[in-house]
Amino acid sequence: MASVPSLAATVQQHLLDALSAAVPEASTADPMLRRSDRADFQANGMLALAKRLGGNPRELASKVVAALPAGEEIQELEVSGPGFLNITVADSALTRQLAARATDERLGVPYAESPGRTVIDYSQPNVAKEMHVGHLRSTVIGDALVQILEHRGETVVRRHHIGDWGTQFGMLIQYLIEHPHELDHASDGAGHSAGDREGDGEDAGEAAMARLNRLYKASRAAFEADEDFKSRARDRVVELQAGEPETLRLWHRIVDESKIYFQDVYERLDVEILDRDILGESAYNDALHDVVRDLEESGVAVRSEGALCVFFDDVKGPDGTPSPLIVQKSNGGFGYAATDLAAIRDRIGTLHADTLLYVVDARQALHFRMVFETAQRAGWLPEGAARQLPFGTVLGKDGKPFKTREGETVRLVDLIDEAVERAGAVVREKSAGLGLSEPEIRERAAEVGIGAIKYADLSNAMTRDYVFDLDRMVSLNGDTSVYLQYAHARTRSILRKAGDEPRPVAHPELELAPAERALALHLDEFGDTLAQAAQAYEPHKLTAYLYQLASLFTTFYDQCPVLKAEGGTAQVENRLLLSELTGRTLRQGMELLGIRAPEQL
Ligand code: ARG
C-alpha cells in the first residue's frame, strides 16, 4: 500500500504551485506552513518573500490566493494581519484522509526517500559490574532510535560495545585461578538449583551478578592488600592479551556469567538485545596494533613521554598544558580510545556504514570529540559521519545524581522492581471492575511499570538531566505512559463494544465537531512527526506527539459520544474511525518507543 501524503503536505504543495504561478521568480520560496490556532494552518512565508522582492506582503498574499488551484482540500483561505495566509481545510478532506490512513498497515507513513546504513552503539554495560541508571538511559534511548530508524527503512546495525577488556580482568582471572571455586553455583549460598521453573531466568541473572560481585570484591581486596598478588594480576593481563588458553577460558567464564545477568535485566526491561550484536572492547583487540602503527606513521599521533598521543589545539588541562588523547600508554597498554578508533575503522571500512551513532553519557563528550577528530585526521571517518547522542544524568528528588540512601549507585534491577510494584498498585485500583486475574494484574503491572520508566526517560530532551520520580511516572494524569496506555485501552474498549469488525466506513459528507477536527488534524501529523524524530534522533518528539494525541482523544471522548452519537449511524461510523485510527497510532508510536499497549487497563 502506498504511503498517504499528509493534508499539510498537500496544502503546502498547492501553495507552492500558487506561488510560482503568481510570482514566477518565487518558485523556490518556502510558504512556511504551520499548524495554527486561528485557522487550521497559517502560512507566513509571504512576509519574507515580499521583503526579498521588494513588494507589499498583503498584495503578494492576495495574488497567491487568486492563483490557488481549486481543490477539494481547502475550504477557506484569507489574508490576515501584515500578510499571513489563514487556511481552513474541508471536513470532507479530513475524513478522507483518516480513511486512507486506516486502510494502510503503516498508517500511511512513508519510508525515508534515501535510507542509509547506520551503526548505533548503545547499551554498553561493563562486565562483572552491575548495570546502573546510565545504562538504562543508553538502552532505552538506543532501542527507541533503532525502532524509529528501522521503521523509516534505514538499515541499522546494532553494536553493544560492552566493557569486557582491560587491566581489571587480570585481577579477576588471577583470583579465580587461585580460588577455582569462586564462581561455582553451589557456593553462592542462595540455594538456587538449575531447574527450569518459571521465573528462573530472573533468579539466574541475580545469582550470576551476586557471584560476580563477590569475586570482584574479594579480588579487589587481595589486589589492594597483597603486593605479590598485585604483580601476579599484572602478569595475568599480559597473558590475557597474548591469548594464553587457560587465561582466556576463565575470561570467557566471567563474560558469560555477566551476559546471563545482562539478559535478565534486558528481559525485565522488555528490550531485545541479541548476542550477535554484542561486540565488546575485546573484539577489537587484534586491530589495535594496526591502529597504533597507522596513526604513528601518518603523524596523526606522536610519542610523548613514551605514550602515543594525539593533540588538539583547543583541548587543555586546568593548568593550560595540552591534554592529549592517549592511544597507547607508555607501558604499551591500550585503552578505551584505541578500541574506539579500531571500532570506527571496522564500522566504516568493513560494515560500510554512512552514519555512526553513539548513545553515551554526556560526560564522555570530550572523549568522543577527540576520537572522531583523530579518526578524521587519519582519513578513516568522513567528516560529520559520526555523532555522539549524549544524554544527561538521572537525578534523585534532591536534584543530585541518583544514589541510594547509603550513597551508592542505584541498581537497575531494584529500580525496575520498584516501578513494577508501584504500577501494580495503580493497576489494581484502576482495573478493579475489570475482573482481572492475579497473573493478568502482574503482567499489566510490568507493562505499566516498565512503560513508565521508559517514557519518563524518553520524554525529556535527551541532553537534559531529569529527576527519577516514580510517583509522577506512574500517575494517570499527566505526561506519562500510563496516560497513553489508558487512552489506547479506551479506544479498544469502544471498538470491542462496537463489535470490532469490519473496519469502520467513512462518511466524508458529514460535518465534524471541533474536537473531531482537532483530533483528525493531529492524526494527520503522524508521518511528519516520525520523520522529524528520525532525522533529529529525538524520540521526545514522538512522545510529545503521542501525549497530545491522547489528550485530544480524551477531549473528543468527553465531548463526542461515539456509540450513541446524536447524528445516527453515519456519525457513529465516523467516530469509530477516529477511535480506531487513534488507537492504532498510539499503539504504533508506543511500540517504536518500546512501550506496551495493553488491550484493557
Ligand atoms: N562501557 C562504557 C560505560 O559504561 C560505555 C561505552 C560507550 N561506547 C563506546 N563505544 N565507547 O561507560
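Biologist: Which residues does the UniProt annotation "domain: Arginyl tRNA synthetase N-terminal" cover?
Modeller: Residues 9-89, according to that unreviewed UniProt entry. Keep in mind that what we have here is a predicted model.

Biologist: Okay. How much helix and strand is there over residues 9-89?
Modeller: That stretch is 42% helix and 23% strand. Its end C-alpha atoms sit 12 Å apart.

Biologist: What share of the residues is buried?
Modeller: Of the 601 residues, 42% are buried. As for contacts with a separation of 6 or more, 73% of them are between residues 24 or more positions apart.

Biologist: Which domains does the assignment give?
Modeller: Domain 1 is 7-89, domain 2 is 159-164 + 166-274, and domain 3 is 476-593. Domain 1 and domain 3 are in contact, with 4 residues taken from each. On the domain 1 side, that is 2 nonpolar and 2 charged residues, with no polar ones.

Biologist: What distance separates the centres of domain 1 and domain 3?
Modeller: 29 Å, taken over C-alpha atoms.

Biologist: Switching to the ligand. Which residues are around it?
Modeller: D121, Q124, N126, H161, G163, D340, Y358 and V360.

Biologist: How does that shell divide into nonpolar, polar and charged?
Modeller: You get 2 nonpolar, 4 polar and 2 charged residues.

Biologist: Let's go inside. Which residues of the largest nonpolar core touch the most other members?
Modeller: V327, V359 and A452, out of 161 residues in that core. Helix α19 gives the most to this core, with 10 residues.

Biologist: What is A452 in contact with, leaving aside its neighbours within four places in sequence?
Modeller: The list is A419, A423, M473, V474, T480, S481 and V482.

Biologist: Which residues are buried in helix α17?
Modeller: In α17, which runs over residues 514-523, the buried ones are E516, L519, A520, L521 and L523.

Biologist: And what covers the buried residues of α17?
Modeller: The cover includes strand β1 (33-35) and the helices α4 (91-102), α18 (526-536), α19 (539-559) and α20 (569-593).

Biologist: Now S219: where is it, and is it buried or exposed?
Modeller: S219 is in helix α7, residues 200-225. S219 counts as buried because 24 other C-beta atoms lie within 10 Å, and the cut-off for buried is 20 or more.

Biologist: How many Å separate the C-alpha atoms of Q75 and N331?
Modeller: 75 Å, and the two are 256 residues apart along the chain.

Biologist: Last topic, backbone angles. What is phi of L107 near?
Modeller: Near 55°, a positive value in a residue other than glycine. Most residues other than glycine have a negative phi. L107 is found in the loop between α4 and β5 (117-121). L107 is buried, because 21 other C-beta atoms lie within 10 Å.

Biologist: And E305, what's its phi?
Modeller: Phi of E305 is near 45°, a positive value too. E305 lies in the loop between β7 (302-304) and β8 (307-310).

Biologist: Is E305 buried or exposed, and why?
Modeller: Exposed, because E305 has 6 C-beta neighbours inside 10 Å, and 12 or fewer counts as exposed.

Key:
Residues numbered from 1 in each chain as written. Predicted model: local features only at pLDDT ≥ 70, side-chain atom pairs only at ≥ 80, totals over all residues. Near = placed C-beta within 6 Å. Nonpolar A, V, L, I, M, F, W, Y, C, P; charged D, E, K, R; others polar. Domains from an automatic or database assignment. Contact = placed C-beta atoms within 7 Å. UniProt positions renumbered as here; feature names shortened; annotations may be inferred. Helix = DSSP H or I, 4+ residues; strand = E, 2+ residues; numbered from the N terminus. Core = buried A, V, L, I, M, F, W, Y, C linked by C-beta atoms within 7 Å.
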